[in-house]
Amino acid sequence: MAVKEVAILMEKHQGKPGDGSCVGRKGLAILKSKLETSPSSSSPKLKCPKVPKRLREMVKGAEDCNAPKLISLGPYYHGESRLAEGEELKLKLAKDCIQNYCKEIVDAFYDKISSIITELKDYYDEMSTKKYDDDKFTVMMVVDGCALLSYILNVCLGSKHGSFSIRYQDIRVLYRDALLLENQLPYHSKQFSYNIVNYPHPRPLIFLCLVYKRSTT
């Protein structure tokens, strides 16, 4: 509710002096002042945040349930040595997407992501993006976006996990990793990757996301 609307509503419901329900004019003025100087209540831009520390597992040695087990998406776990096998898989998936669906326009795809790279960086915790210059971050977004799209189209919806040497027991792990809060890509980058690839699928990206989510439950 806007500041003026709150003030008008309070004035409308003020009681008469002496009836025990009157909000004093001085108190109302103070409240108005606080409302006017309070932070805006408009919804913040959607981001890919990190899990708050208070919600993390605090038991020493316990497995971090917020971290991916096989494949990283985005900057938070990118380059970790324990995910080296997943990085190779991600490159295979990205290569398949580029060669089969957008080989002729991969440069345009890169330029499109590069043009909004500052906005994409703002989706993540600042400390996690400082170590990447714009070119490296753009490459990460392109590779991760293409890999995720190829995974949804070929593995989740196409049952072609054997083509990428994905072990059957790892499929559920990949499902889990792709749904983690700290392992997400901005919707903009996913939308661009879907729109630019030459894939004969009649459904919009949001439909594929919903189908993917349903297939993981």
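These legends walk through close-up views of a predicted model.

Local features here need pLDDT of at least 70 and side-chain atom pairs count only at pLDDT 80 or more, while totals for chains, interfaces and linings use all residues. Residues are numbered from 1 along each chain as its sequence is written, and side-chain values use heavy atoms, with hydrogens and water left out.

**View 1. Helices α3 and α7 cross.** Helix α3 covers residues 84-101 and helix α7 residues 134-156, and they pack at about 80° with axes 7 Å apart. (Helices are DSSP runs of H or I, at least four residues, numbered from the N terminus; axes are lines fitted to C-alpha atoms over the stretch in contact, with angles from 0 to 180 degrees between N-to-C directions.) The two are therefore roughly perpendicular, a label for angles of 65 to 115 degrees.

**View 2. The lining of the largest cavity.** A cavity is a set of points on a 1 Å grid, over the protein atoms alone, where a 1.4 Å probe fits but cannot get out; lining residues have an atom within 4 Å of a point. I71, L73, L93, A147, L148, Y151, L174 and A178 line this one. Helix α7 gives the largest share, three residues. By class, the lining has eight nonpolar, no polar and no charged residues.

Conventions:
Angles under 35 degrees count as roughly parallel, over 145 as roughly antiparallel, 65 to 115 as roughly perpendicular and the rest as oblique. On a 1 Å grid over the protein atoms alone, a cavity is a set of points where a 1.4 Å probe fits but cannot get out, and a pocket is an open set with protein on both sides within 12 Å along at least five of seven lines; lining residues have an atom within 4 Å of a point. Ala, Val, Leu, Ile, Met, Phe, Trp, Tyr, Cys and Pro count as nonpolar, Asp, Glu, Lys and Arg as charged, and the others, Gly among them, as polar.
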